[in-house]
Amino acid sequence: MKAKVIEKRKEAPLMSKHKFWSTQPVMQFDDLDKEDMKIGVIKEIKPEDIPPNPYPLPEDLEWSDIDINTKEIDEAYVLLRDNYIEEGEISRMKFSPEYLKWIFSPPGSHKEWRIGIRVKATKELVAFLNAAPATGSV
């Protein structure tokens with residue numbers, strides 16, 4: 001079944017080139033025939049190879065754990081609202097703090113997977129990273 005889907009994709013003229021994705025460093029339809037395109041783990045990392053300390057930041061910044069069950073969800077909301085733009089500055093992403101709290105806490109997520117970067121002097125949140133568990137096939 002999978003081979004049939006791939007064959008259909010390869011034959012479809014609309015799928016051969018994509019205005020955006022053809023410019024990105026992702027698998028292209030021409031790559032489907034390459035021998036080195038195998039299904040599996042991209043890079044296996046042993047837990048003991050993970051550094052115990054976070055990467056160093058510039059001197060005026062610091063790492064911060066983000067608790068979405070506190071006012072910190074409002075800080076993440078403002079950061080994303082004011083800085084995340086979609087479609088070439090046409091529309092800003094305006095998700096409510098309640099929606100963000102829901103989307104940042106899917107089943108299997110961990111509070112340790114939500115971190116931010118703050119300005120030391122003002123404690124302003126200038127970056128937010130959220131990880132979520134996922135199983136996928138590329």
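1. Serine 109 is found in the loop that connects helix H4 (97-103) with strand E4 (114-119), where helices (H or I, at least four residues) and strands (E, at least two) are DSSP runs numbered from the N terminus. Please keep in mind that this is a predicted model, in which local features need pLDDT of at least 70 and side-chain atom pairs count only at pLDDT 80 or more, while totals for chains, interfaces and linings use all residues. Residues are numbered from 1 along each chain as its sequence is written, and side-chain values use heavy atoms, with hydrogens and water left out.

2. Is serine 109 buried or exposed? Serine 109 counts as buried because its relative accessibility is 19%, and buried means under 20% relative accessible area, exposed over 50% and partly exposed in between (1.4 Å probe, protein chains only).

3. The side chain of serine 109 has a polar atom 2.9 Å from the backbone oxygen of proline 106, and a polar contact of 3.2 Å links the side chain of serine 109 to that of arginine 114. A polar contact is a pair of N or O atoms within 3.5 Å; within protein, one must be able to donate a hydrogen and the other to accept it, and residues adjacent in sequence count only if both atoms are side-chain atoms. Leaving aside residues up to four places away in sequence, serine 109 touches Phe104, Arg114 and Pro133, contact being heavy atoms within 4.5 Å.

4. Histidine 110 also lies in the loop between H4 and E4, and it counts as partly exposed because its relative accessibility is 40%. The side chain of histidine 110 reaches the backbone oxygen of glycine 108 at 3.4 Å. The C-alpha atoms of histidine 110 and alanine 132 are separated by 8.1 Å, although these residues are 22 residues apart along the chain.

5. Which residues make up the largest nonpolar core? This core has 10 residues, namely Ile66, Ile68, Ile73, Ala76, Tyr77, Leu79, Leu100, Phe104, Leu125 and Phe128. Helix H3 (72-83) and strand E5 (125-130) are the elements that give two or more residues to this core, and the largest share, 4 residues, comes from H3. A nonpolar core is a set of buried Ala, Val, Leu, Ile, Met, Phe, Trp, Tyr and Cys residues joined through side-chain atoms within 4.5 Å. Alanine 76 touches Leu125 and Phe128, again not counting residues up to four places away in sequence.
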